[in-house]
Amino acid sequence: MDRCAGGRLMLTERATTVLNVLVGEYLQTATPVASDEIARSLDQKLSSASVRNTMARLTEEGYISRPHVSSGGVPSELGYRFYVQSLPEPPQLSTKMRESVDRDLAQTEPDIGAWSKRCAAILSSLTENLAIVTAPRAQFPRLKRIQLVFLQESTALLVLVLEEARLLRKLIPFGKNINQLQLDQAASRLNDSLGGLNRYQMQSNSLELNQLEEQVKEGSVSLMREAETTIEEHYTDGLRRLLSQPEFSAGELARQLVQLVEERDLLERVLNASGQTAEPAVFIGAENQEEFLNPFGVILCNYGIREGVSGTICVIGPKRMEYVAAIGGVRYLSAFMSQMVLGIQGNVAE
């Protein structure tokens, strides 16, 4: 096989045409594609004999597999990779699909969690695969403000509002009687000195504090530390859609996928594979970093603010997935979620 600069796969024009038609047909049918079918799809621009010869070459070079010479062809992982690299740059949703997505999102409650959940449902519907959307969060959250709510003589509820629009809560026993006025004064002083800081900056702040204020600060730092280590909230949709596809008629693949969804540590490993990229990253079969994902195709994209408040959008499906819809859907919804995060951050800054 030939590669051009940058590692892109290269084939002759005829081989490219035959391979892309074969992959397109296989995506629709999940059955081996015969040379006669490809010739018909090309309106006989190539004879069946020419298609057979080209398929034989593609088989030799590893782009397709065929149980025997007279059987139809099935794309290999290399064939899928070539197909993805051959897609129009960049793959986009159709105007009709974009309008439908926009109408759906416009009816969603203006809340980042609701938007994340709805994006997962929309993406699953677009792709007929499993979709995962994580709610946005910051690697090192920053404090927006502290609120203290009197509960009883010596106990208050500490509420932290983070700049990423998250709320953290914790009960604080003070060991002595307090009142709401004292709590309000403590919150006001701490907000003046700690607002906009992350946990490390809060800890190093040298403001002289009274005993009540010091307890609130310690409780706030503890909550911020927990926020950094808590597994990010995520929304999944489409597991049943995915399990209904032919590749998952055997129980082992279905079991692996259910395990992936239920065990959050496995999910973290999948979502972290994308790194920091604003463009969809496509992993096909053995290209996945995790061996248990080798039977699957995975598309990942980060959204939000680089090195700030961000999240991930993901599609997991068989290697035989509709890559145009999947990549276009991931790109479009990532752009939408990025705008939502920017809007929230803009409101925080005002």
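User: How many salt bridges does the count come to in this structure?

Analyst: The structure is a predicted model, and the count comes to nine salt bridges.

User: What makes the contact between Lys319 and Glu77 a salt bridge?

Analyst: The criterion is a side-chain nitrogen of Lys or Arg within 4 Å of a carboxyl oxygen of Asp or Glu. The N to O distance between the side chains of Lys319 and Glu77 is 3.2 Å, so the pair qualifies as a salt bridge. The two residues belong to distant parts of the chain, 242 residues apart: Lys319 is in the loop between β13 (309-318) and α13, and Glu77 is in helix α4 (residues 77-85).

User: Why are Lys319 and Glu77 called partly exposed?

Analyst: Partly exposed lies between the buried class, under 20% relative accessible area, and the exposed class, over 50%. Lys319 has a relative accessible area of 24% and Glu77 has 27% relative accessibility; both are therefore partly exposed.

User: How do you know that Glu247 and Arg320 form a salt bridge, and which parts of the chain does the pair tie together?

Analyst: The closest N and O atoms of Glu247 and Arg320 are 2.6 Å apart, against a limit of 4 Å; the pair is therefore a salt bridge. Glu247 lies in the loop between α10 (239-243) and α11 (251-262), and Arg320 in the loop between β13 and α13, so the pair ties together parts that are 73 residues apart in sequence.

User: Are Glu247 and Arg320 buried or partly exposed?

Analyst: Glu247 has a relative accessible area of 24% and is partly exposed. Arg320, at 9%, is under the 20% limit and is therefore buried.

User: What makes Arg331 and Glu279 a salt bridge, and where do the two residues lie?

Analyst: The closest N and O atoms of Arg331 and Glu279 are 2.3 Å apart, which is within 4 Å. The pair links distant parts of the chain, with Arg331 in helix α13 and Glu279 in the loop between α12 (264-271) and β11 (281-284), 52 residues apart. Arg331 counts as buried at 16% relative accessibility, whereas Glu279 is partly exposed, with a relative accessible area of 43%.

User: Why is Glu213 called buried, and what does it touch?

Analyst: Glu213, a residue of helix α9 (residues 211-229), has a relative accessible area of 6%. The limit is under 20%, so Glu213 is buried. Not counting residues up to four places away in sequence, Glu213 touches Ala186, Arg189 and Leu190.

User: Why is strand β8 described as largely enclosed?

Analyst: Seven of the eight residues of strand β8 (residues 155-162) are buried, so the strand is largely enclosed by the rest of the structure.

User: How do you know that β8 pairs with β7 and with β9?

Analyst: Pairing requires at least two bridges between the strands. β7 and β8 have eight bridges in the antiparallel sense, and β8 and strand β9 (residues 167-173) have seven, also antiparallel; both pairs therefore meet the criterion. Gln147 stands opposite Val159 in β8, and Leu167 in β9 is the bridge partner of Val161. A hairpin of two residues joins β7 to β8.

User: Which residues have the most contacts inside the largest nonpolar core?

Analyst: The largest nonpolar core has 59 residues, and Ile38, Ile299 and Tyr323 have the most contacts inside it. Helix α13 (residues 323-349) gives the most to this core, with nine residues. Apart from this core lies another of 24 residues, among them Leu148, Ile172, Leu212 and Val221. Leaving aside neighbours within four places in sequence, the contacts of Ile299 include Pro280, Val282, Ile313, Tyr323 and Val330.

User: Why is Val74 called buried?

Analyst: Val74, in strand β4 (residues 74-75), has a relative accessible area of 18%, under the 20% limit, and is therefore buried. Beyond its neighbours within four places in sequence, Val74 is in contact with Leu22, Tyr26, Pro32, Ile64 and Ser65.

Note on methods: Residues numbered from 1 in each chain as written. Predicted model: local features only at pLDDT ≥ 70, side-chain atom pairs only at ≥ 80, totals over all residues. Heavy atoms only, no water. Buried < 20%, exposed > 50% of the residue type's maximum accessible area, 1.4 Å probe, protein only. Helix = DSSP H or I, 4+ residues; strand = E, 2+ residues; numbered from the N terminus. Core = buried A, V, L, I, M, F, W, Y, C linked by side-chain atoms within 4.5 Å. Contact = heavy atoms within 4.5 Å.
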